[in-house]
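I opened this notebook to record what I looked up in the structure. The entries follow the order in which I took the questions.

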Amino acid sequence: MPLRPPSSSDTPSILPRSILAFDQQVGRRINGSTPRARADRALLGLSTSANNGLLWYSVAAGLALTGRTGRRAAVRGLLSLAGSSAVANLVAKPIFGGHRPVAADVPVARQLKVFPQSASFPSGHTASAAAFASGVAIESPALAVAVVPIAAAVGYSRLHVGAHWLSDVVGGALIGVGVAAVGRILVRSGRARS
């Protein structure tokens with residue numbers, strides 16, 4: 001039984017209508033794609049595992065086990081994640097607002113058990129993913145090779161499960177990369193100090 005649409009934000013989006021129309025086209029295309037049970041389960045699981053940053057705490061723990069560079073990358077990634085989460089959720093969502101996609105439009109196998117109720121723009125999951133991956137890349141491009149594809153998959157998963165529009169994901173990614181870049185200006189990387 002499909003879930004009812006979430007109430008999400010009462011604030012209408014301030015994004016241009018052309019972007020909102022494009023978002024709907026992309027959403028229809030994703031929702032109309034051929035169901036693939038294994039991929040649907042994997043993306044649903046990935047999207048859920050990123051709730052509250054849990055996926056990234058696990059990745060950070062793994063990175064920390066790889067040595068000094070991995071520990072620096074994990075710390076910078078987590079600090080970038082914290083900053084981007086604050087910007088996305090406490091600043092951008094109240095300003096930009098917007099309604100989330102209608103849950104009933106998403107194939108049942110892809111639907112989240114609990115739909116987020118906050119404003120749609122930007123995607124906090126994507127902001128956190130992009131910030132963490134960017135933070136890791138600042139300290140270790142080699143380690144980032146493994147982390148960036150996971151971050152990109154988390155961003156796509158938010159579209160696949162119907163939690164966000166494309167503009168939400170792009171906005172979240174820009175916030176995440178931007179916060180990590182500001183962090184690099186404020187605190188030089190360990191590579192630069194070595």
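**Basis.** I am working with a predicted model, in which local features need pLDDT of at least 70 and side-chain atom pairs count only at pLDDT 80 or more, while totals for chains, interfaces and linings use all residues. Residues are numbered from 1 along each chain as its sequence is written, and side-chain values use heavy atoms, with hydrogens and water left out.

**Helix α4.** I looked up the extent of α4 and found 29 residues, reaching 40 Å from the first C-alpha to the last, close to the 42 Å expected at 1.5 Å a residue. The expected span is 1.5 Å times one less than the number of residues. Helices are DSSP runs (H or I, at least four residues), numbered from the N terminus. I noted a kink of about 30° in α4, centred on Ala-88; the bend is the angle between axes fitted to the seven residues ending at a residue and the seven starting there. Ala-88 is also among the buried residues of α4, which include Arg-72, Arg-76 and Lys-93. Buried means under 20% relative accessible area, exposed over 50%, and partly exposed in between (1.4 Å probe, protein chains only). After α4 comes Gly-97, with a positive phi near 60°.

**Surface patch.** I then turned to Val-91, which lies in α4 (residues 68-96) and is partly exposed at a relative accessible area of 43%. Val-91 forms a nonpolar surface patch with Ile-14, Val-87, Leu-90 and Ile-95, with about 460 Å² of accessible area together. The areas come from the Shrake-Rupley method with a 1.4 Å probe, and for residues only the protein chains shown count as cover.

**His-164.** I located His-164 in the loop between α6 (141-160) and α7 (166-186), and at 3% relative accessibility His-164 counts as buried. The His-164 side chain makes polar contacts with the side chains of Arg-100 at 3.1 Å and Asp-168 at 3.2 Å. A polar contact is a pair of N or O atoms within 3.5 Å; within protein, one must be able to donate a hydrogen and the other to accept it, and residues adjacent in sequence count only if both atoms are side-chain atoms.

**Ser-33.** I found Ser-33 in the loop between α1 (17-31) and α2 (37-49), partly exposed at 29% relative accessibility. The Ser-33 side chain reaches the backbone oxygen of Ile-30 at 2.7 Å and makes a polar contact with the Arg-110 side chain at 2.9 Å.

How values were computed: Patch = residues over 30% accessible without salt bridge, like charges linked within 9 Å, V, L, I, M, F, W, Y side chains within 5 Å. Salt bridge = Lys/Arg side-chain N within 4 Å of Asp/Glu carboxyl O. Helix = DSSP H or I, 4+ residues; strand = E, 2+ residues; numbered from the N terminus.
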